[in-house]
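Dear colleague,

Please find below the structure that I am handing over to you. I would be grateful if you could read the notes that follow with the coordinates open.

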Amino acid sequence: MKFNIVWLFCLMWSAVFPQLPEGFVHVEEIVPDMNVELRYHTSYNFVGKIIDGYQSNTLILTEEAATALKQVQEELEQQNLCLKVYDGYRPQRAVNHFIVWAKDLNDTINKHIFYPNVDKKDLFKEEYIAARSGHSRGSTVDLTIIDGNTYKPLDMGSPYDFFGHQSWVDYDGITEKQKINRQLLQQVMLKHGFRNYPREWWHFTLNNEPFPDTYFDFPIK
């Protein structure tokens, strides 16, 4: 009977947390209270469809990135703030989905939301989409800060995944409060070992990422 109970527990655990490649973790195991909204597991993104490889709203990262993110979360909680993550590990098949979508210049269903001032044909040239993404290496995250009581995101001056100068970290055409919010996110992430992509205030990569040259393609489930 004891063996059967242990076996059943292991079976239930594997169903909740499917096996991952060595070095990767389900972030929920390390940061149980992490607020996660994987936008590519929904149709509310620049493509307008669920993206290939996103089979669940489950945040996956390398163990090193998840541990660093836990430190960020713990520091923010001291100010009654939390992190909200929009994307973490991204399968290469998802990047391929973006590439195929970008070539169809007639498919602009969410242009008015995410890239109103950029021609779709210029998304590659202006580096909003690339054939390879740091997300596929497992140590890159897209995130923001939310209020610990209301769970409402702090105003960063532009929405997540907005393609335009408004999303550049040093964009000057935002309010002082919005600048302060961006600076807070920058400071706490850099303090705990991440670096930012200057054209996206939400995009951070672990400095000492364990797989700097490997692009993974296992699905998120």
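Predicted model: local features only at pLDDT ≥ 70, side-chain atom pairs only at ≥ 80, totals over all residues.

Core. The largest nonpolar core comprises 54 residues, and F46, L69, L143, M189 and F194 have the most contacts inside it. At least two residues each come from several elements, including β1 (24-26), β4 (81-87), β5 (140-147) and α5 (176-191). The most is given by α2, with six residues. Beyond its neighbours within four places in sequence, F194 is in contact with A65, A68, L69, V72, S139, V141, M189, F204, T205, L206 and N207.

Pockets. The largest pocket holds about 410 Å³ of space. Its lining consists of 24 residues, with R90, Y128, S133, E200 and H203 nearest the centre. By class, this lining has 10 nonpolar, six polar and eight charged residues. Strand β7 contributes the most to the lining of the largest pocket, namely three residues. The second largest pocket has a volume of about 220 Å³. Fourteen residues line the second largest pocket, and Y86, P153, S158, P159 and Y160 lie nearest its centre. Nine of the lining residues are nonpolar, three polar and two charged.

E209. This residue is located in the segment after β7 (200-206). E209 counts as buried because its relative accessible area is 11%, under the 20% cut-off. Residues up to four places away in sequence aside, E209 touches R137, S139 and R195.

With kind regards

Key. Residues numbered from 1 in each chain as written. Heavy atoms only, no water. Helix = DSSP H or I, 4+ residues; strand = E, 2+ residues; numbered from the N terminus. Buried < 20%, exposed > 50% of the residue type's maximum accessible area, 1.4 Å probe, protein only. Contact = heavy atoms within 4.5 Å. Core = buried A, V, L, I, M, F, W, Y, C linked by side-chain atoms within 4.5 Å. 1 Å grid on protein atoms, 1.4 Å probe; cavity = no way out; pocket = protein on both sides within 12 Å on 5 of 7 lines; lining within 4 Å. Points joined across faces, edges and corners; volume = space filled by probe spheres on them. Nonpolar A, V, L, I, M, F, W, Y, C, P; charged D, E, K, R; others polar.
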